[in-house]
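Subject: Handover of a structure and notes on its features

Dear colleague,

Please find below the structure that I am handing over to you. My notes on it follow, and I would ask you to read them with the model open.

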Amino acid sequence: MVIKNQIDQFFQVINSDINNEFISWLILNLRTFDQITHGHWAEWLKLLATMPKIPDQRVITINQAIVEVHSPDFFDKESLNQLLKKLSPWRKGPFSLYGISIDTEWRSDLKWDRLALHITPLKDRRVLDVGTGSGYHLWRMLGSGARCAVGVEPTAAFIAQFYAVAHLLGDPHALIIPTTLENISRKPIFDTVFSMGVLYHRRNPISHLQELGECLRPGGELVLETLIIESDAQNILTPEDRYAAMRNIWFIPSIPLLTVWLNRIGYTDVRIVNIERTSLNEQRATEWTDFKPSLVDFLDPQDQTKTIEGYPSPLRAIIIATKI
Ligand SMILES: C[S@@+](CC[C@H](N)C(=O)[O-])C[C@H]1O[C@@H](n2cnc3c(N)ncnc32)[C@H](O)[C@@H]1O
């Protein structure tokens, strides 16, 4: 019901969008809800069904580091706390929901701060966030004036977290399509497309960049955030096995190589707006991940410029490009 309500309300607010192509695209892709096969999905749906009714009088603040909602009329803090704990681990945030502070593993606000001043202002733009996780950045996109924000995310636990937060905020301008970018039907209907922290998970990174482009209108903007290696040449790192304990890392390119890829497949005006090493302040164990191992455990304890496997420690770039 929580998910259905969010989707129904989303359709109500975008009706003013009067773009039939967008609406039919959404209807088609939302069918992917029927394809969720995760073993815990039914349990999470039950949890979502027990979410408390939200007060009519509430203050939502989504244009700040902590995505927040509060109300003097919300009294059931302890049971909400227990409910949200059952949706752990919370990796991307932070959130503050009726007095409950969800201090997530990642300070996702820091990534937002690194890109916010460089992107074309989102005011009135229709945006897509591929690999949105819990959808934290969707709220920040709306907080920056986007007309509506659509996420694509295949991980069932994160989808459940998003719909829990969406219900508690009571903001109808965002939704998540529960699948991968490859699995959706793609149409050039978005003004800005974000792909952050996804490229290196793909076995075919060039296809990923192409698929992102297929969602952008001509002249639209791609905001790409990914791991890179330091090199002035067209180089790439494919880890032999794990990278910083992660199994599914395939390609970590240098900036010159990434730039060639983007130019070859229909992007122009490629700009590197930020390069930064992930800090122990940005990714760390918290109560909301049950203090599971985090970045500090994945770095060489003798030399934190290296991962435990001996590769360069995570270095991330933000690249902005325009779709031709
Ligand atoms: C490292 S997280 C990044 C989350 C968020 N974008 C951020 O930057 O903080 C990568 C996310 O991409 C999702 N993902 C992985 N492969 C994907 C694909 N092919 N299409 C869409 N999302 C994908 C994962 O489930 C995960 O939530």
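Helices (H or I, at least four residues) and strands (E, at least two) are DSSP runs, numbered from the N terminus. Please keep in mind throughout that this is a predicted model.

Is arginine 31 buried or exposed? Arginine 31 has 11 C-beta neighbours inside 10 Å and therefore counts as exposed, since a residue is called exposed if 12 or fewer other C-beta atoms lie within 10 Å of its own. Between arginine 31 and leucine 175 there are 144 residues in sequence, yet their C-alpha atoms are 13 Å apart in space.

The packing of two helices

Two packed helices are described by the angle between their axes and the distance between the axes. Here, the axes of helix H1 (residues 2–14) and helix H7 (residues 156–169) cross at roughly 65° and come within 9 Å. The crossing in which H1 passes H7 is left-handed. On the H1 side the contact is made by Val2, Ile3 and Gln6, which meet Tyr163, Ala166 and His167 in H7. Sorted by class, the contact of H1 with H7 comprises four nonpolar residues, two polar ones and no charged ones.

Methionine 51 itself is found in the loop between H3 and strand E1 (59–61). Because 16 other C-beta atoms lie within 10 Å, methionine 51 is partly exposed. Methionine 51 and alanine 164 are 113 residues apart along the chain, while 7.5 Å separates their C-alpha atoms.

Two helices with a buried face

Helix H8 (205–213) has Pro205, His208, Leu209, Leu212 and Gly213 as its buried residues. These cover an arc of only 140° around the axis, so they are on the same side of H8. Among the elements that cover them are E7, strand E10 (190–196), strand E11 (216–227), H9, E14 and E17.

Which residues of helix H9 (residues 255–264) are buried? They are Leu258, Trp261 and Leu262. Just after H9 comes glycine 266, which takes a positive phi of about 105°.

The surroundings of the ligand

How many residues surround the ligand? There are 21, and the closest are Gly131, Gly133, Thr180, Met196 and Gly197. By class, the shell around the ligand consists of eight nonpolar, eight polar and five charged residues.

Points of the backbone to inspect

One joins serine 88 and proline 89, with omega about 5°; proline 89 is in the loop between helix H4 (77–85) and strand E3 (92–93). Another joins glycine 93 and proline 94, with omega about 15°; proline 94 belongs to the loop between E3 and strand E4 (95–97).

Positive phi values also occur in residues other than glycine. Aspartate 124 has a phi near 65° and sits in the loop between helix H5 (108–116) and strand E7 (126–130). Because 10 other C-beta atoms lie within 10 Å, aspartate 124 is exposed. Phenylalanine 291 has a phi near 50°, and its place is in the loop between E14 and helix H10 (295–298). With 12 other C-beta atoms within 10 Å, phenylalanine 291 is exposed.

That loop between E14 and H10 also holds serine 279, which counts as exposed because it has 12 C-beta neighbours inside 10 Å. Serine 279 and leucine 315 are 36 residues apart in sequence, and 9.5 Å lies between their C-alpha atoms.

Yours sincerely,

A colleague

Terms used:
Residues numbered from 1 in each chain as written. Predicted model: local features only at pLDDT ≥ 70, side-chain atom pairs only at ≥ 80, totals over all residues. Buried ≥ 20, exposed ≤ 12 C-beta atoms within 10 Å, placed from the backbone. Contact = placed C-beta atoms within 7 Å. Axes fitted to C-alpha atoms, helices over the stretch in contact; angles between N-to-C directions. Left-handed = near helix turned anticlockwise from the far one by under 90°. Nonpolar A, V, L, I, M, F, W, Y, C, P; charged D, E, K, R; others polar. Near = placed C-beta within 6 Å. Arc of directions from axis to C-beta.
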